[in-house]
Structures are given as C-alpha cells and as structure tokens.
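This report covers helix packing and aromatic contacts. Please have the structure open while reading.

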Amino acid sequence: MKLIGYFRSSAAFRVRIALNLKGIAVEHAFRHLRKGEQRLPDYVAINPQKLVPALVLDSGEVLTQSMAILEYLDETHPNPPLLPTDPVGRARVRSLALIPTADIHPIQNLRVMAYLRERYEQSEEATFAWSRHWIETGFEAYEASIAGNRHTGSYSHGDRPTMADLCLVPQVFNAARFKVDMSRFPTIQRVHATCMKHPAFDAAQPSKQPDAEP
C-alpha cells in the first residue's frame with residue numbers, strides 16, 4: 001500500500017499512528033499542501049477532494065478521508081483494535097474522535113485560514129485567533145468528556161490507545177502551533193503525554209517524517 005500525505009497534516013498523522021500501531025508497512029509519498037501540490041491534476045485524478053491523506057491499496061483502489069481509512073485498517077487488520085468491544089464503549093470512542101475531526105479540524109485547517117485571508121482580508125494574527133477559538137472550544141468539550149469519567153484510563157478510553165487518541169494527539173500538535181494555553185486542559189495534557197511515550201505515536205509525529213520542514 002502507499003500512503004500519500006504531508007508531514008503537518010493532522011489527518012495523515014492519524015493514519016500514520018494507526019499504521020504504526022498495527023505494524024503495517026507502507027510506501028510513503030507526499031503532497032506539499034502549502035505549495036498546492038494536492039491540486040495538481042495527477043493527484044486530483046485519484047482524490048477529487050484535493051486533500052490528504054489518500055491510501056492506495058495493492059489492488060489500486062484509493063481510499064480517502066482519514067476516518068474511513070482508520071475504519072478500513074481496523075477491519076482488515078483487527079489487532080490491536082482501535083475500538084472497544086462493547087457498543088457503548090465504541091460509541092464513546094467515536095464520539096470523542098469526532099470532536100477533533102469534525103468540530104475542530106475542518107474549520108481551522110489550511111484552506112479555511114487561506115480563505116479567511118484571501119476572501120475576507122484577515123491578517124495572519126486574526127486567522128490564528130480564529131483557529132485558537134475553535135481549538136479551545138473543542139478542547140473544552142473533550143476535557144469535560146474525559147476528566148473524571150469512569151471510562152477514562154491512561155488513555156482517552158481505558159488503558160490502551162483507541163481511535164479517540166489517534167484523533168486527539170494531532171490536534172494537540174496543532175494547538176501548540178496556534179499557541180493555545182494547554183494548562184486549561186490537564187486531562188488532555190496527561191493523555192497526550194501518555195500517547196507520546198508510545199513508539200507508534202512518537203514515530204508518527206510531524207518532525208520525524210521524511211518531508212518534515214522546520
């Protein structure tokens with residue numbers, strides 16, 4: 001398989017963690033988002049969404065959208081599982097995962113910030129303030145959902161990594177870029193620290209990718 005990503009992409013980061021956890025070796029290819037390489041015709045031909053990641057299967061089929069890719073990997077390589085076995089636990093993990101992936105990331109990513117700058121003539125400072133607001137709003141909900149909850153363990157749910165952690169960690173990295181005050185979110189900080197001690201998370205972080213830039 002081949003994973004097409006970008007070192008700083010939160011969505012690609014999630015998938016890299018899953019591949020590492022499951023011990024799946026893939027070929028890595030890259031599209032530089034800030035240079036617009038995701039909009040080149042050869043890439044649009046395989047991913048009309050013009051986003052990363054894309055996972056090219058051995059069959060030639062192309063999977064897009066990180067959450068769909070995570071589900072595919074979990075179904076085809078079930079160990080270790082990314083979801084609990086019980087229905088309530090599975091729903092809780094999916095709900096937590098959707099806070100960063102649906103409520104935060106889509107409205108503070110690169111193309112949204114570019115649109116704010118170009119269409120509404122917002123400054124870099126203003127677009128960063130926009131991003132901080134939505135990260136903080138989402139993190140307030142995530143923190144409240146895991147702090148003191150009996151299902152929260154070393155990780156967001158229990159004592160092994162789940163899909164929720166795969167989605168949380170890249171957003172914490174984004175929060176650092178946007179200078180979010182993480183002292184407000186102690187449980188998120190604790191879970192993030194636990195995750196980053198795990199080799200699968202550590203190896204997936206942006207600075208350790210072949211296309212990483214300062």
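## Helix 7 against helix 8

Which residues in helix 7 meet which residues in helix 8? The model is predicted. From helix 7 come D165, L168, V169, V172 and F173. They meet I188, V191, H192, C195 and M196 in helix 8. Eight residues of this contact are nonpolar, one is polar and one is charged.

Helix 7 spans residues 163-177 and helix 8 spans residues 186-196. Their axes are 10 Å apart, at an angle of about 105°. That value falls in the 65 to 115 degree range, so helix 7 is roughly perpendicular to helix 8.

## Aromatic pairs

The structure holds six aromatic pairs. One of them is F13 with F173. The ring centres are 5.2 Å apart and the planes meet at 80°, so the pair is edge-to-face. F13 lies in helix 1 (residues 10-22) and F173 in helix 7, so the pair ties together parts 160 residues apart in sequence. F13 is buried, at 2% relative accessible area. F173 is partly exposed, at 23% relative accessibility.

F139 and F185 also form an edge-to-face pair. Here the centre-to-centre distance is 5.6 Å, with 80° between the planes. F139 sits in helix 6 (residues 124-146), while F185 sits in the loop between helix 7 and helix 8. The pair therefore ties together parts 46 residues apart in sequence. F139 is buried at 1% relative accessibility, and F185 is buried at 2%.

## Charges over rings

R119 lies over the face of Y120, 5.2 Å from the ring centre. The charged end of R177 sits over the ring of F178, at 5.2 Å from its centre.

Terms used:
Residues numbered from 1 in each chain as written. Predicted model: local features only at pLDDT ≥ 70, side-chain atom pairs only at ≥ 80, totals over all residues. Heavy atoms only, no water. Axes fitted to C-alpha atoms, helices over the stretch in contact; angles between N-to-C directions. Helix = DSSP H or I, 4+ residues; strand = E, 2+ residues; numbered from the N terminus. Parallel < 35°, antiparallel > 145°, perpendicular 65-115°, else oblique. Contact = heavy atoms within 4.5 Å. Nonpolar A, V, L, I, M, F, W, Y, C, P; charged D, E, K, R; others polar. Phe/Tyr/Trp six-rings, centres within 6.5 Å; stacked < 30°, edge-to-face > 60°. Buried < 20%, exposed > 50% of the residue type's maximum accessible area, 1.4 Å probe, protein only. Lys NZ or Arg CZ within 6 Å of the ring centre and 35° of its normal.
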